[in-house]
Amino acid sequence: MGRILSQVKSPSRWALLNWLYLVGFGLASLLVNLVWQKSFTFSALLTVLMPMLRGASAFATSLVLAPLFLPAIRQLSQLTKDRLRWGIEVALLATTLFNVDLWGLMSPQSLVSYWALLMLGAVLPERRLHRWMGSCFIITGVILMMVMPLVSVTVHNDWSTANRFSTVTNGLLAVGVAELLPVKLLAREVGMALRQVIIPLVATATFPLSQQWLVILITNHGSNLLNKLILAGLLSLVVLIGSCCLAWLWIKVQKWRWIQRFANWSLPTSPTEARHQLRVMLGHRWPTVLMVALSYLGAFGSFLAMENSWHFSPNVDATYNMLTYVIATRQGMLWVTTGLIWLGLRLFWTLTQRYWLSLGTGLFLVVLWSVANRLKLEARNEPILPAELTMYHAYGNLLKMVSLPVLVVTFLGLLVMCGGIWYLERHYPVKDQTKWGVRLGFVGMAIVAFGSANWWNHPNHPASQIMAGFGDTPEFFNQLAGVRMNGPIVQFLNNLDVTVMNKPVDYNARTMQKVARRYQRLARQINRHRTNDLKHQTVIFNLSESFADPRRIPGIKVTGDPLPNITRLKQTTTSGLMLSAGYGGGTANMEYMTLTGLATANFMPTLSTPYTQLVTFAKQTWSINQLFAKSVAIHPYVGVFYSRTTVYQKFGFDRFMYLGSRFPIKHQLKLDRSPYLSDQTSYANAVDQLNKTQEGQFINLVTMQNHFPYDRNYYNLPVTLQVSATNGTPVASLADYVAGIHYTDQAVSQFIKQLDQLKQPVTVVFYGDHLPGIYANSFAEDGLKLHETDYFIYSNRAARAQGAHNLTHNTKYVAPNDFIAMVAEQTNSKVTPYLAFLTAAYHDLPVETMNTNGTSTASYQADPQFVSRQGKIISQKQFTKRQQQLFHDYQLIQYDLTAGKQYLFKFWQMK
């Protein structure tokens, strides 16, 4: 090839065509990889678009550049070419014989290797050189290649030197072929054919994705070495045949008009010529270039507008510079946002045929959208959500919340934009010279790009894989971090796609009426033996952040009892283990299940966080607090996470107490060096709320004391406690965590004593939401253990005096959605038809949770897992007929309340 490419008469044409093939093949391979392996990364796209700069294939890159330089070598004198030939041959032979890579010739990913071979071909004389010497070199090289694996196994007892002579730059073979190369093979016709075929062949065989596919196929098939060798040979033959087919197709495609224009473009030979070509190109395409450039600036500005400091930390260190973060880390999302903005602008231009009107109006809307999101962040630490666009009746009130300077600047900006558009359209109009077919193509691209947001949250969908490859991280649990990482446009579109549940095949009004009657009858049966009303009780659901006894984890040892008070409480109350649907996170999902009685495992994988993706959009919702005349939520931290401010309002809580709310958090106390308010603070505020009324009420208490991180030495571990780990868990993090839950144990004990002093009946459900994400255990082996948290249900003296009693059945393992039924049963309270259904599910169904073998907070896990009340994982196939019917009722009820027509709100009068 070096000999052939050194004789091409149109070097720049060949280089451009070869480069174009590399890019085209790379894009096609990305598409195949997306469909076959469901894999896509922004890095791979950059490699495809810039194959030479990113080193996609050293061999292919060499063949792209060869036509530009090898013809110059052919012009050297014969003496100079002979010296070059001798030098290259000596270097190749020395590298092969002595196995010392002094000149960088041994790596198959080195440009030097291939340039040495190409230059060797370029400097060969017109005659055949030394026939016998070449033959000896080739025979010797082949023999060494064949026997070296046997020598390696015999001498080293392994394969470490098996490929000693099996290299691209085997000097014996290279020099032998050079000495024997027949002149007849270099005829013009043969050379032309080789030039047409070699680039597709090399690109196909050496492109990184091609090699990856071959390795996957060979690794996953064949039971022994011989089978794998046979398969490797067959696949090589397939690659060869496929490459020839691609080469034939490429020859046909080269006749396309736009490719001919591209290939005939001459590469600049000087800076002056390069500037001239750039001016000519921009002279025709400057409107598009300007539109893309301004789209990128708009995207970049929208990212910067989401933060009010030069240093911030969305999943990055707090001192990470914002500009560095956006430019170096979020380029993928920057270009996605740029593409969306550009498509929007191009769509406007196609529809209006007014360039400056489209450009000005579109960019003004981008700026306005960024500013609106910034104002929302300042007010709520949350970006604009899709549901809020439907609140058109509140826009007047929203404008009243915007400061006067912002309104004035916006109005002046609007005037300047209108004046600028009018002036530019009048004096410098730009005509859209693209054909109507191309314009319709832009419209289609815009529809596909924005419409694909409906599948961004579907894990196995190509749109989801592409967005994930670009770096899209929706962060539904923390919209603030999500908008900072993805930008306000993409984060808004992330929140559009919510598939709640698959519709049961028999779901209709008649079916739901039958279900309603079934549990109305059950409620009447249960209430015959109940004497209390739940609304006259005071019920507290206490979510204790990350609380779980570490002594259950294999490989963890704690000397001393870090939880003496809670251990005693669990021995005298309704207690056991709660199976969390998350590990290291997912607080709001556990909270949702306890308040609604619905299992998140029944939802579709796209619904990873019901609080932000479901409740905020719901027309009507149900939660346990609606059974009480008064309800309060308390969280001694900021209230914006998981959109709690909106969620609690939807649930009908009378007030939400959090840091910064109009209902202040009192008794603020921090322990040791922790930045979080303590559990003592949480319980003190709960006691204040209890003392305000003797009537029944519901309190949702969410603590913050034991939230991550655990590697900052927040707490002092008492000298009576010692920790160790044999499973790889960081001991320092374990010690900090144990110290934190020890403080929780003390705070809970004091809180229980205070509850016993009250005259009104109070029942508290204490539960840990999930384990801390510090353990190094295998989820395949210890998955169930890593999802077991502690819980107990305690009724104070006044409640026990009214008939509250400990439960004795089905308490060893429970789910968060069991607590409503358990509280009603423990307090001997009458039930509604919905609570009757929850009671039946609690007594007759196993615990339903997410797959405990998963390592995440249960996002995107579609397969539920069932665990018996004794802690054994069971299959749904083991359900009895009664359980099958009850579980189907569960799916019907959950679908109706969340995604269906909500017949039960009418049939059961839940509102």
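Visitor: Hi! Quick one to start: how exposed is F907?
Guide: F907 is partly exposed, with a relative accessible area of 22%. Keep in mind that this is a predicted model.

Visitor: And where does F907 sit relative to Y903?
Guide: Both belong to helix 34 (residues 903-907). Y903 and F907 are four residues apart there, so about one helical turn separates them.

Visitor: Let's talk aromatics in general. How many aromatic pairs are there?
Guide: The count comes to 46 aromatic pairs. Take Y767 and F819: their ring centres are 5.4 Å apart and their planes stand at 45°, so this pair is tilted.

Visitor: Which parts of the chain does that pair link?
Guide: Distant ones, 52 residues apart. Y767 is in strand 8 (residues 762-768), while F819 is in helix 31 (residues 819-826).

Visitor: Is F819 buried or exposed?
Guide: F819 is buried, at a relative accessible area of 0%. Y767 also counts as buried, at 0% relative accessibility.

Visitor: Which residues form an aromatic cluster?
Guide: One cluster is made up of F541, F628, Y648, F653, F656, Y658 and F698.

Visitor: What sits over the ring of W436?
Guide: The charged end of R439 does, 4.5 Å from the ring centre. Likewise, R164 places its charged end over the ring of F165, 4.6 Å from the centre.

Visitor: New topic: T596. Which helix is it in?
Guide: T596 is part of helix 24 (residues 587-596). At 3% relative accessibility, T596 counts as buried.

Visitor: What does its side chain reach?
Guide: The T596 side chain reaches the backbone oxygen of Y592, at 2.7 Å. Apart from neighbours within four places in sequence, T596 is in contact with W622, F651, I820 and Y834.

Visitor: Now strands. How much of strand 6 is buried?
Guide: Six of the six residues in strand 6 (residues 697-702) are buried, so the rest of the structure largely encloses this strand. Q697, I699 and L701 cover one side, and F698, N700 and V702 are on the other.

Visitor: In what sense does strand 1 pair with strand 6?
Guide: Strand 1 (residues 538-544) and strand 6 pair in the parallel sense, over six bridges. I540 has I699 of strand 6 as its bridge partner.

Visitor: What order do the strands of the open sheet take?
Guide: Three strands run in the order 11-12-13, with antiparallel pairing. Strand 11 (847-850) and strand 13 (873-874) are at the edges with a single partner strand each, so one side of each has no neighbour in the sheet. In strand 12, F866 stands opposite E848.

Visitor: Last one: which residues of helix 14 are buried?
Guide: In helix 14 (residues 322-329), M322, Y325 and V326 are buried. Seen down the axis, the buried residues of helix 14 fall within an arc of 90°, so they line one face of the helix. Their cover includes helix 13 (271-304), helix 15 (331-352) and helix 21 (479-494).

How values were computed: Residues are numbered from 1 along each chain as its sequence is written. This is a predicted model: local features need pLDDT of at least 70, side-chain atom pairs count only at pLDDT 80 or more; totals for chains, interfaces and linings use all residues. Side-chain values use heavy atoms; hydrogens and water are left out. Rings of Phe, Tyr and Trp (its six-membered ring) pair if their centres lie within 6.5 Å; planes under 30 degrees apart count as stacked, over 60 as edge-to-face and the rest as tilted. Helices (H or I, at least four residues) and strands (E, at least two) are DSSP runs, numbered from the N terminus. Buried means under 20% relative accessible area, exposed over 50%, partly exposed in between (1.4 Å probe, protein chains only). A charge sits over a ring if NZ of Lys or CZ of Arg is within 6 Å of the ring centre and within 35 degrees of the ring normal. A polar contact is a pair of N or O atoms within 3.5 Å; within protein, one must be able to donate a hydrogen and the other to accept it, and residues adjacent in sequence count only if both atoms are side-chain atoms. Contact means heavy atoms within 4.5 Å. Two strands pair if DSSP finds at least two bridges between them. The arc is that of the directions from the helix axis to the C-beta atoms.
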